[in-house]
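Here's a quick look at one structure, with a few details worth checking on screen. Have the sequence and the 3D view open as you read.

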Amino acid sequence: MSESSAKTILVVEDDKDISITLKIFLEGEGYQVLLAENGSIALDLIQKHGMPNLILLDMKMPIMNGWQFAIEFISRHDHNTSIVVMTAAADAEQRAKDISAIGWVGKPFALDDLLAKVKKYERK
Amino acid sequence: MRDPTSAPTLGAPYQSLLDRELAKLTVHHHLCLLYETQEEQFDATTPFMHFGLERGEKCLYVVDENTSATVLQKLQVKGHSIEKALRSGQLEVLTAKEAHLKEGYFKSDPMIASLENATSAAKGAGFTALRATGEMTLVLSKEKGVERLAEYEAKLNFFFPHHSALGLCQYNLKRFSAKMIKQIIQTHPFVIFRGALLNNFYYAPPMELLSPEPDQQEVRRMLTNLSDRVQQRNTQSLLRLSRRLERAQTYIEALNAARDEVRIIIGYQNLWAYLLTEDKRYAKALVAGGPMAKTVMAEEGVATLTIRGDRMLEEIAEAKDIVVVEDARTDERTDKKIVARMGNRTIVNVPIFLMEKHIGSIGTGSFGDEGVRVPTQSEQEYLSAMASHMAVTLDRIHLLTERKRAEAELVAAKESAEKAASLKSRFLDIAAHELRTPITVFSIMLELAQKQLKKGQPIDISTLDRLQWQAKRLSHLVVDLLDVSRLERGVVTLHQIRTNMILLISACLEGFIVQAPKRSIIFTKPQQPIELNIDPVRINQVLSNLLDNALKYTSEGSPIEVRAESSPDLVRVSVIDHGVGIKKDQQAELFKPFTRGSSDREERTSGLGLGLFVCRGIIELHGGTIGVVSEAGVGSTFYFELPRKVIES
């Protein structure tokens, strides 16, 4: 499998234990995974590596949180990349709607459930 | 037979003010009715006669202008039969001729003699008294002596007080000359005029009229009348006051009503009151506007003053009588500073008694340009009367205010309980939210390890280290939650020992340097050790929390400084960062539970928002203070100060 044919997933999450676990898992499933610990780094990465096939977005992060990232991202880019919100909030679905995300996973989640959502929403 | 002294029961149609006054009339009264119409005449005479019949008095009506038939018809009022009274002889309606008063010459003595005879006859016939009324036009038909009518009327004032009789002389204003009417007014202690029974202050006692030196007597009478008028004015004022006091709902309304009357009656512009506490240690000062209100009032015209040490208040608290300070500027009892500020001149304080209990005083007096103005005896009496009117009202308002205050306290307690309940539920929401993140880590790391093991792949030792770290994080959260709960219940106890603060800080910093090796943390400290009595575990918890926050809210390249300073009284430890800073209005909120600056700030990082609240609790238990100095864009300094109970050796 060549690098270029692998689909890219951008994980925006400040908790390193979560992001590294997701990276190992998703790479095991054949994805290329980019990690950003806040919204600002995520925007830089998109600038540098181009548009990913899916963004997994945590909401509470220092420097630039999920909301600020979503506003900035939508203003800069065509909205053809799917964002899936990962949140511990009780009203996860509403949080997703707030930023026009295509889907959401509530923390805590199972890796298999997350993979199903990734497959469902990734940009082909 | 009815008790002759009791007022007859008022029934229809006797309900007017005049009816009520006439009902109160007893024997020995001598009054005149000045009328212009027949209606006015019978509005007074009919009830006058009826009340006499009810009391078992012999009732005699001498007609002149009207016929007997007319009078009898007028007396025949619905519900009050006169047939029986006529048959028994209790009621007689006679003409002047029938009454043997029809002689050519007007002579007072025979007329009085006939009245005396009639009274004796009435008593002899078993009646309680003689009640007589006459249409006085009967004297106008006399040929001579009419000018001596005044003498007759004056002499009646000797007659009635000593006989069981009362008389109503009817004078038609249209028929008598003004000169005669003037004399008539002077000779009747009570006058009925236009539907009112008036206490006549123009009345001149017979001694005066019949005296050889009437002028001297008249001057004395005028002076008496003058003081009577003042009395009347005072009485009217107190009536107005009591009407307003009945409606008063607040101290200020009551005081305003009293002040308005004092302005009219005495001319003092200001009025205040002191209500004493049960033990007479404090006085609640109530002020209705004016210079005192501007100076001493805290809110809504009410202030609480300590009595002891204030000579004026001490005297007021003990005084059973009116206290007059003629000139506050020179009187030794006054506080000259207060007098200068308020401009008091004369001060008058009148004690208030409620059921013989001394509950406070009413104060009034002159200020500034009004100069010294000592109240007269009559004014002091007026103020005493006013104070007794005020007593009931002030007591009523006191109870009302207390009840309102108790109600407000209940409402506040309910609101505070509701707020606490809402905080608790918000706390649970946040706690659940925060616990989800470490649980997520656990869950996905374990799931990944399982998958790797199934595939025969090795598990990295670092995975287990991370799991352990997350377990610690979870246990920290749980500890914070327990601390909050225990601080709120006040059951946290300190284990204080003599501790070197420098060593404590160094040890704490080492832990952070291991945990965040890339961060630059500077420790600025004095040469000497700082020793003091503290709970080292708890103080370490506070410092760790402040450091944790400083690292969390600043970027990696930004240095953190920890500074320890010591003065003879205090030890101050500061954690200084160069982060985004915190807005002024959010700074105080930081140390309350479940808050974390703005919502923006809240969403940025994880945490329960309990750390600083716990820190504040710990520092306050040590008798210290915790705070923050911050400027947006420059950074924040979180510090705590601990009192030095033990000076370093």
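## Ground rules

This is a predicted model, with local features needing pLDDT of at least 70 and side-chain atom pairs counting only at pLDDT 80 or more, while totals for chains, interfaces and linings use all residues. Residues are numbered from 1 along each chain as its sequence is written, chains are lettered from A and ligands numbered from 1 in the order written, and side-chain values use heavy atoms, leaving out hydrogens and water.

## Helices across two chains

Take helix α1 (residues 16–28) of chain A and helix α14 (residues 377–454) of chain B: their axes come within 9 Å and cross at roughly 25°. Helices here are DSSP runs of H or I, at least four residues, and strands are E runs of at least two; axes are lines fitted to C-alpha atoms, over the stretch in contact for helices, with angles from 0 to 180 degrees between N-to-C directions. α1(A) and α14(B) are therefore roughly parallel (angles under 35 degrees).

Residues in contact (heavy atoms within 4.5 Å) include A:Ile18, A:Leu22 and A:Phe25 from α1(A), and B:Val441, B:Ile444 and B:Leu448 from α14(B). The contact divides into 8 nonpolar, 4 polar and 2 charged residues.

## Cysteines and a helix in chain B

The whole structure has 0 disulfides (cysteine sulfur pairs within 2.5 Å). B:Cys59 is buried at 0% relative accessibility, and B:Cys508 is buried at 7% (buried means under 20% relative accessible area, with a 1.4 Å probe and protein chains only).

In helix α7 (residues 178–186) of chain B, the buried residues are B:Met180, B:Ile181, B:Ile184 and B:Gln186. The buried residues of α7(B) pack against strands β1 and β5 and helices α6, α8 and α9 of chain B.

Key
Angles under 35 degrees count as roughly parallel, over 145 as roughly antiparallel, 65 to 115 as roughly perpendicular and the rest as oblique. Ala, Val, Leu, Ile, Met, Phe, Trp, Tyr, Cys and Pro count as nonpolar, Asp, Glu, Lys and Arg as charged, and the others, Gly among them, as polar. Buried means under 20% relative accessible area, exposed over 50%, partly exposed in between (1.4 Å probe, protein chains only).
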